Amino acid sequence: MDFIVIEVNDFQLIVHDSHSSSESRAYAYITKDKLIFGEDALPNIKLSPDDFYSHFWQRLCYEEINCKNDSIRHFADLAYQQLLKITEKYDSNIPVVFITPSYYKEQELSLLLGLAQSCNLNTLALVNQDVINIEAVDYMGDYTIFQLGLHNCNLSNLTISKTIKLNEQNIFHELGFIEFVWYISN
């Protein structure tokens with residue numbers, strides 16, 4: 001059975017299938033008539049910064065945004081449109097495994113499942129990114145994982161025994177790679 005794996009983070013979406021992998025940066029440029037995602041949207045950040053968005057996968061929610069396009073009302077609409085675009089070459093109802101950011105809580109996970117269903121994707125599993133990062137460890141015990149994202153960083157404590165248990169998680173919003181570069185450059 002063919003399926004795809006979609007890695008979601010605040011910087012990009014990566015789609016893996018049995019033949020290849022493709023990336024789509026989490027950038028969106030919105031005009032009245034069109035919606036541009038990924039690298040194609042990036043040049044517009046300087047031309048029209050008010051029409052450029054990059055936080056919508058981090059803020060996967062119904063937070064309203066004001067834009068010129070009537071079909072985009074909130075960040076979830078942007079996420080839906082990008083998910084639809086990156087999966088358009090696959091058959092309808094294709095099985096999908098999502099690798100989600102470790103900071104996604106029930107609200108974001110539920111919304112992602114709803115977006116996948118609206119895109120006619122058959123979700124097989126949601127896998128926490130921390131589990132993927134730790135799977136190569138051969139020893140049982142306690143581990144701390146640090147992830148630096150584009151707009152935030154995450155510190156998670158895991159215990160590995162017969163299972164993997166997330167003990168504690170700290171999310172530091174607006175302290176990601178962008179802020180790190182800004183700090184160093186100043």
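Modeller: Two strands count as paired when DSSP finds at least two bridges between them. Strands are DSSP runs (E, at least two residues) and helices likewise (H or I, at least four), numbered from the N terminus. This is a predicted model: local features need pLDDT of at least 70, side-chain atom pairs pLDDT 80 or more, while totals for chains, interfaces and linings use all residues. Numbering starts at 1 along each chain as its sequence is written, and side-chain values use heavy atoms, without hydrogens or water.

Colleague: How do you know that β10 and β11 pair?

Modeller: The pairing needs at least two bridges. Strand β10 (residues 152–160) and β11 have nine, in the antiparallel sense. Cys153 has Phe172 of β11 as its bridge partner.

Colleague: What makes β9 and β11 edge strands?

Modeller: The open sheet runs β9-β10-β11, antiparallel. β9 (141–148) and β11 (164–173) each pair on one side only.

Colleague: Why is Asn170 called partly exposed?

Modeller: Buried means under 20% relative accessible area and exposed over 50%, with partly exposed in between (1.4 Å probe, protein chains only). Asn170 has 28%, so it is partly exposed. This residue lies in β11. Beyond neighbours within four places in sequence, Asn170 contacts (heavy atoms within 4.5 Å) Cys153, Asn154 and Leu155.

Colleague: What makes a set of residues a nonpolar core?

Modeller: Its members are buried Ala, Val, Leu, Ile, Met, Phe, Trp, Tyr or Cys, joined through side-chain atoms within 4.5 Å. The largest such core has 34 residues; Ile6, Phe56, Trp57, Leu78 and Phe98 have the most contacts inside it. Helix α2 gives the largest share, six residues.
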